[in-house]
Amino acid sequence: MKVRSRDKNDKIELQMTPMIDIVFQLLVFFIMTFNVVKKEGDFNILMPGKPADATLTEVAPTKLQLRMTAAGDGSLASMTLNDVSMAGGDPFQALHQDIRGKLPNGSGPASDADYEIEIKCDYGLKYENVIKAINAVNGYRPPGGDEEDIVTLIDKIRFAAPVK
Amino acid sequence: MRLHKEKKSEEFEPDMTPMIDIVFQLIAFFMVLVNFTKIDADNRVDLPVSSIAKPPGKSDKQPLMLQMTEDGQVILAGDTMAVESQEFDSRLFRESRRLGAIWGEAANVPVVVRGHMNAKTGDIQELITKCQSKSFQLFRLRAKIK
């Protein structure tokens, strides 16, 4: 232990330069690793491998078939619902309006009919079109509603074998 | 600016070493905390967009997470493989056994399908058919919520 007489003023100089260097390093690190995670949601579909046994339903659901063909690059070439073509700039919007026309009160006890939709696509069709189609037929969010307020339209969805 | 020669030695030089040590400890701590793993959300898979997809509820039982890349390869537990490969077949069978025990039976196990928006529909359907062959029935097609 060094015992020295200190008769001078001790100036404690804190060197800020390395402190600032390290703090900026940390800042840059956290900025680079910042990850904006988008919320994800699911469409729940029950798809048994074997065809279901004849269920005891009082009313057989009305079957709809949605046929989507693909262009060479996988984009949607044409869309028909029970052989009625969905024309227009946005076929998914046309599809949605058609389904809403069939089920003005949504599905449920107050609904007029029970629908089941089978989606038949070309093999090379881009998957996003399938999700857009399910989005169009499954339901909608009424304007001014909460996040959880979703009116269900058709929830019985099946897939037919893809067309090669 | 000191013009005169310093005869005195500065005994109290604040030592930056422990400060930098602690700062590096902090950096190491946050580096371990930042999760770069792609087990459940591989950044190769860009989900399609939906406005009405329901956010998944919290469950203490884990579902089966399957991801499909743009070129039709499936990602299971961080490993990429072809849908038709023997490796995927055997691993899917093992998962059906393992998760079937947790959920009661394989038919009760939710299968979360995270498919790339540009993946071929036929590839996704083949994946679903493969899962059905292992007795999975409940599928959750995942999308980004707009």
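User: Which residues of H2(A) are called buried, and what makes them so?
Analyst: The buried ones in H2(A) are A:Pro91, A:Leu95, A:His96 and A:Ile99. Buried means that 20 or more other C-beta atoms, placed from the backbone, lie within 10 Å of the residue's own; exposed means 12 or fewer, and partly exposed is in between. Before we go on, this is a predicted model: local features need pLDDT of at least 70, side-chain atom pairs count only at pLDDT 80 or more, and totals for chains, interfaces and linings use all residues. Residues are numbered from 1 along each chain as its sequence is written, with chains lettered from A and ligands numbered from 1 in the order in which they are written.

User: Why is A:Asn82 called exposed?
Analyst: Because A:Asn82 has 12 C-beta neighbours inside 10 Å, it counts as exposed. A:Asn82 lies in the loop between S3 and S4 (84–85) of chain A, and its phi is near 50 degrees, positive in a residue other than glycine. Most residues other than glycine have a negative phi.

User: And what makes B:Ser135 partly exposed?
Analyst: B:Ser135 has 17 C-beta neighbours inside 10 Å, so it falls in the partly exposed class. B:Ser135 is in the loop between H3 and S6 of chain B, with phi near 75 degrees, also a positive value in a residue other than glycine.

User: Why do you say S1 of chain A and S6(B) pair?
Analyst: Pairing takes at least two bridges found by DSSP between two strands. S1 (residues 40–46) of chain A and S6(B) have 7, in the antiparallel sense. One example: A:Asp42 has B:Arg142 as its bridge partner in S6(B).

User: How many residues are in contact between the chains?
Analyst: 41 residues of chain B are in contact with 41 residues of chain A. Contact means C-beta atoms, placed from the backbone, within 7 Å. S6(B) gives the most to chain B's side, with 8 residues.

Definitions and conventions. Contact = placed C-beta atoms within 7 Å. Helix = DSSP H or I, 4+ residues; strand = E, 2+ residues; numbered from the N terminus.
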